[in-house]
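Here is a short briefing on one structure.

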Amino acid sequence: MIHQLKLTNFKNFQSAELTLGPFSILIGENASGKSNLRDAFRFLHGIGRGYSLADIMGGKYIGGSLQWEGIRGGITEISFQELPNFCLEIVFDLNGEQKSRTGTYQIKVETAKSPALAVRSLREQQSLKSFPMPVGALVSQESLKIGDEFVFQTHLEYMESHNIRVSVYRSGKADQVIDLVAASSQPVITQLEEKLRMNGASDAQQVIQTLRETLSVFSAMRFFSLEPAAMRIPSLPGQIVLGDRGENMSTVIQAISDDPQRFLALMEWIKELTPMDAVDFEFPVYADGKTLLTLVEKNGQKVSANSASDGTLRFLACLAALLSPDASAFYFFEELENGIHPTRLHLLVDLIERNVKRKHIQVVATTHSPQLLRLISPASLDTAALVYRLEDQPCGRIQGIANLPDGAREVIQTKDVARLHESAWFENVMSFLEGDAEE
Ligand SMILES: Nc1ncnc2c1ncn2[C@@H]1O[C@H](COP(=O)(O)OP(=O)(O)OP(=O)(O)O)[C@@H](O)[C@H]1O
Ligand SMILES: [Mg+2]
């Protein structure tokens, strides 16, 4: 599970901290920074995929086709107000064979038009020599800790043109250190396993295992911004990875339905969600071998994904995401309530809350729906967060609902939280509190 994300100079956050629970709703006005938080998680996910900094931010092509869309705004708009660098820190549980351990990973990236100049000025602040100018983004600081002990740590003072020095600590002790040199154009964490092996550090197996477990936390993230049009595109049986917009929904549902128990669970959800009396799925195969999900009603009427309603498809895609055999650990949904009727929204909440409990997955969702806030359990309300900006200030802020002062929490417990959300009460409380703090 991911516990916390700290952002420094990332997008519209100068300095902010997001604390997560099993199900975390992000509320906040348009342009407050909710999707920028998704971008921060995507950046970390890009590291988990083993991509270079340029590929993470600019987009990754494999064999000529785009595998990964870069971060919105690319390298020039990733740092707060075009500052020369940004930093992300994430706190998470490692779930390896050893008992659960807490990891803290940090990466600072120079993104100035001339990142080398930015690094040089950092070095000059430390009265160090200058060095030649590379182009593109550079890592200027990166580390991984388990508890309080470093697994590895970079050293800016030994940074060379395209390289950065790294110390790897075999068991957290200074005398167990292995010094290496890594490329600074790529997150160091993805280079270390190979470097340790090349270095003949065969006794660093435990470090390698920790690196792998950390990267698997980053790679097990999925991001959904569902669009019914994408779900209406037929897919080939065997394509069981749901696309970010809901692509391959038909064959993911087909794979889930192969398991009789999961099929029944799916049917129950669909019956509850829609006024349809669905009893079965069909997967008619077209000439090109692709198939499109068709719902069969009790009276025999068939409705293909082509003519199923947008809300039905969105709900099906959520089901496909959460029940898919290709499971992940962390799901980020953009505007979760989109297209779902208010009387059915509780089903979606129910689906997510049951699945985070049973499967130990984690869900983060942005929303503009006051209703959703009313429907989530008290535990989920506690891990919801408000993303906001104060008037006339460019930087975004994050306020966990659990950490609101006592007076405000009492109001939440006694008043209708949906009404409070609708009337911008949360934003007003924050501007009142921060106004007080500044006086
Ligand atoms: N590098 C940056 N520096 C400062 N502000 C930035 C930067 N990049 C983006 N922003 C701000 O972030 C805003 C976009 O934030 P984001 O897309 O996260 O909003 P959101 O909360 O998801 O809104 P919506 O609910 O409309 O989707 C932009 O309007 C811009 O003001
Ligand atoms: Mg958004």
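pLDDT is the predictor's confidence in each residue, on a scale from 0 to 100. This is a predicted model. Its chain averages a pLDDT of 90, and 91% of the residues score at least 70.

**Confidence**
- Residues 128–134 have a pLDDT below 50.
- Where pLDDT is low, the predicted coordinates should not be read in detail.

**Shell around ligand 1**
- Ligand 1 is surrounded by 17 residues.
- The closest are Asn12, Asn30, Lys34, Ser35 and Asn36.
- Helix H1, spanning residues 34–48, gives the most to this shell, with three residues.
- By class, the shell around ligand 1 holds ten polar, four nonpolar and three charged residues.

**Helices H7 and H9**
- H7 covers residues 249–257 and H9 covers residues 310–323.
- Their axes come within 9 Å and cross at roughly 55 degrees.
- The crossing of H7 past H9 is left-handed.
- H7 makes the contact through Met249, Val252, Ile253 and Ile256.
- H9 contributes Leu316, Ala317, Ala320 and Leu323.
- By class, the contact of H7 with H9 has eight nonpolar residues, with no polar and no charged ones.

Conventions. Residues numbered from 1 in each chain as written. Chains lettered and ligands numbered in written order. Predicted model: local features only at pLDDT ≥ 70, side-chain atom pairs only at ≥ 80, totals over all residues. Axes fitted to C-alpha atoms, helices over the stretch in contact; angles between N-to-C directions. Helix = DSSP H or I, 4+ residues; strand = E, 2+ residues; numbered from the N terminus. Left-handed = near helix turned anticlockwise from the far one by under 90°. Contact = placed C-beta atoms within 7 Å. Nonpolar A, V, L, I, M, F, W, Y, C, P; charged D, E, K, R; others polar. Near = placed C-beta within 6 Å.
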